[in-house]
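Good morning, and thank you for making time. Please look at the sequence and the model on the screen, and I will then take you through selected parts.

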Amino acid sequence: MQQSLEAATNLLTKYPDLAGIIANSSVAVPAAGQAVLQAGKAGEVKVIGLSTPAACKDLVHANAIQAVQLWDNIYFGQVVVQTMANMLSGVEIAEGYQFEQFPKAYVTADNFVMIGETLDFTEENIDNYNF
């Protein structure tokens, strides 16, 4: 957490007109929010990223983080297992492939399986989640 806090603080110092920070780990999001709060830039510098609602709840309410995202682990696991089962059965998984059981999942032009939408936690709904 300390390293992420220092990195975000350094960004805010080096780039005083910075508009936003996209943090990509569960500790980097609250650290970036804390740095924004300490710099007095809550609401001015937007922070989003992957973390848990519990780690970010107070900072979301302080407007130091605008949104926290997570993937749906159960859905993700089901898509991965189905993809592997299909591949082992000789089914080609390529662009345009449609997962019958998982309509949000799709395959990109460069053959990446995308699982679909994230769960988004914002000021409006973050209090509904306790993990």
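This is a predicted model: local features need pLDDT of at least 70, side-chain atom pairs count only at pLDDT 80 or more; totals for chains, interfaces and linings use all residues.

I begin with strand 1 and strand 2, which pair in the parallel sense over four bridges; two strands count as paired if DSSP finds at least two bridges between them. Helices (H or I, at least four residues) and strands (E, at least two) are DSSP runs, numbered from the N terminus. Within this pairing, I22 stands opposite I48 in strand 2.

Residues are numbered from 1 along each chain as its sequence is written, and side-chain values use heavy atoms, with hydrogens and water left out.

Next, helix 2, residues 28-38. Eight of its 11 residues are buried, so this helix is largely enclosed by the rest of the structure. Among the buried residues are V29, P30 and V36. What covers the buried residues of helix 2 includes helix 1 (2-14), strand 1 (20-23), strand 2 (46-50), helix 3 (53-61) and strand 3 (67-70), where contact means heavy atoms within 4.5 Å. After helix 2 comes G40, with a positive phi near 75°.

Helix 3 has P53, C56, K57, L59 and V60 as its buried residues. These pack against helix 2, strand 3 and strand 6 (119-121). Helix 3 is followed by N63, whose phi is also positive, near 65°.

Finally, I turn to T108, in the loop between strand 4 (106-107) and strand 5 (113-114). Is T108 buried or exposed? T108 counts as buried because its relative accessibility is 18%. Leaving aside residues up to four places away in sequence, T108 touches E95 and M114.

By contrast, F76, in helix 4 (residues 73-88), counts as partly exposed because its relative accessibility is 38%. That concludes my presentation.

Notes
Buried means under 20% relative accessible area, exposed over 50%, partly exposed in between (1.4 Å probe, protein chains only).
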